[in-house]
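Subject: Structure handover

Hello,

Here is the structure I said I would pass on. My notes on it follow below.

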Amino acid sequence: MERTIIYHIDDTSDGLRVEQYLRRKGYSSQNLTQLKKMPQSILINGNWVYMQTPVKNTDVLTVHIRENQSSPNIPPVRLPLNIIYEDEDIIVVNKPSGMPIHPSLNNYRNSLANGLMYYYHSQGKPFVFRCTNRLDRDTSGLTVVAKHMVSSSILSGITERHEITREYLAVVRGRLIPESGTIDAPIGRTGSSLIERRIDFENGERAVTHYRVLKEKNGHSLVSLILETGRTHQIRVHMQYIGHPLVGDYLYNPDMEYITRQALHSHRLLFTHPITGEKLEFTAPLPEDMRQVLRK
């Protein structure tokens, strides 16, 4: 994957070294190291320069990213992809339930990574899979994938600073009282399980979820949930903790009467574009299997 990024230097950055300027833009130390190994990767006013070169007001700084290798051990597989948005830096996909994010032992050829690898290989482009907001296999909805190393680094920083709004929709059992609130309860591992999580006030990591009921019907509630932290299974564990587990959740509420997967959907993402700084917002409608639960 190749990407050329152009920065126009103003007086607020006058005198900074190239590496200082790029660090302020969100480039990681690893990014800078990798760029040093790429030929003609840093130009000022069209001339190749070192990372230690100072920039001046009105300079044009060009960063040329060249990634010639693809992720190993991810075979390209032709899979249906619902692409919501794509530009030179990111791609946003509405992932169906049942599709893992990464290949694994029993899901080696049916993951989102496989599908995107095929998508780019069919265009003759190398591709390194870097997913920003990972979803469980059976959670549907929006996920963001960075298309090169710099957008990945900046998106990781945005996520770590909690500067991305992630709104999920879930169908849970019962009527929530109060109809909105915040769940602040730490989450840790359950015994020796590598997958299952539980509320653990002694050793768990802080986890915060804000919820709001949108609809109630037939003994179920459609709930909007916004994550303040991003712990494994956070929504699933938190909703079980307050007595309103997700329907169809094989780990935390193994009742498949209404739906055969956890009724959880990544509905909305709001964040700043990692390169342009533009405010972006994406939504994906509630999938049909979750709608059906509220109709029964």
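Ile-195 sits in the loop that runs between strand S11 (187-189) and strand S12 (197-199). The model is a predicted one, and in it Ile-195 has a relative accessibility of 46%, so it counts as partly exposed. Together with Leu-194, Tyr-250 and Met-256, Ile-195 makes up a nonpolar surface patch of about 420 Å² accessible area.

Asn-253 is placed in the loop between helix H5 (234-241) and strand S15 (264-272). Its relative accessible area is 12%, and because buried means under 20%, Asn-253 is buried. Beyond its neighbours within four places in sequence, Asn-253 contacts Arg-173, Pro-245, Leu-246, Val-247 and Gly-248.

Overall figures

The chain has 296 residues, and 50% of them are buried. Its secondary structure consists of 6 helices and 16 strands. Along the principal axes, the C-alpha atoms fill a box of roughly 65 × 40 × 35 Å. The chain exposes about 14400 Å², with carbon and sulfur atoms supplying 47% of that area. Of the contacts with a separation of 6 or more, 66% are between residues 24 or more positions apart.

Helix H4

Helix H4 covers residues 149-160. At 1.5 Å a residue its 12 residues should span 16 Å, and the end C-alpha atoms are 17 Å apart, so the two values agree. Most of the helix is covered, since 9 of its 12 residues are buried. Among the buried ones are Met-149, Val-150, Ile-154, Leu-155 and Ile-158. What do the buried residues of H4 pack against? The partners are helix H2 (29-36), strands S4 (60-66), S6 (90-95), S7 (130-131) and S8 (140-146), and also S15. After H4 comes His-162, in the loop between H4 and S9. His-162 is not a glycine, yet its phi is positive, at about 60°.

Strand S14 and its partners

Strand S14 (residues 220-227) has 7 of its 8 residues buried, so it is largely enclosed by the rest of the structure. S14 runs antiparallel to strand S9 (residues 165-173), and 7 bridges join the two. Within that pairing, Val-171 has Leu-222 as its bridge partner in S14. S14 also pairs with strand S13 (residues 208-217), again in the antiparallel sense, over 8 bridges. Here Arg-212 stands opposite Ser-224 of S14. S13 and S14 form a hairpin with 2 residues between them, and Asn-218 in the turn has a positive phi of about 55°.

Backbone points to check

Ile-177 and Pro-178 are joined by a cis peptide bond with omega about 0°. Pro-178 belongs to the loop between S9 and strand S10 (180-184). Asn-45, a residue other than glycine, has a positive phi near 55°. Asn-45 is in the loop between strand S2 (42-44) and strand S3 (47-48), and at 46% relative accessibility it counts as partly exposed.

Salt bridges

The structure holds 18 salt bridges. Side chains of opposite charge can pair when their charged atoms come close.

- Glu-88 and Arg-3 meet through their side chains at 3.3 Å, N to O. This pair links distant parts of the chain, with Glu-88 in the loop between strand S5 (83-86) and S6, and Arg-3 in strand S1 (residues 2-8), 85 residues apart. Arg-3 is buried, with a relative accessible area of 10%. Arg-3 and Glu-88 also belong to a salt-bridge network that includes Asp-89.
- Glu-67 and Arg-130 form a salt bridge at 2.7 Å, N to O. Glu-67 is in the loop between S4 and S5 and Arg-130 in strand S7, 63 residues apart, so the pair also links distant parts of the chain. Glu-67 and Arg-130 are both buried.
- Asp-136 and Arg-236 form a salt bridge whose closest N and O atoms are 3.0 Å apart. Asp-136 lies in the loop between S7 and S8 and Arg-236 in helix H5, so the bridge ties together parts that are 100 residues apart in sequence. Asp-136 is partly exposed at 27% relative accessible area, whereas Arg-236 is buried at 2%.

Regards

Conventions. Residues numbered from 1 in each chain as written. Predicted model: local features only at pLDDT ≥ 70, side-chain atom pairs only at ≥ 80, totals over all residues. Heavy atoms only, no water. Patch = residues over 30% accessible without salt bridge, like charges linked within 9 Å, V, L, I, M, F, W, Y side chains within 5 Å. Areas by Shrake-Rupley, 256 points an atom, 1.4 Å probe, with all protein chains shown as cover. Salt bridge = Lys/Arg side-chain N within 4 Å of Asp/Glu carboxyl O. Helix = DSSP H or I, 4+ residues; strand = E, 2+ residues; numbered from the N terminus. Buried < 20%, exposed > 50% of the residue type's maximum accessible area, 1.4 Å probe, protein only. Contact = heavy atoms within 4.5 Å. Expected span 1.5 Å × (residues − 1). Pairing = 2+ DSSP bridges.
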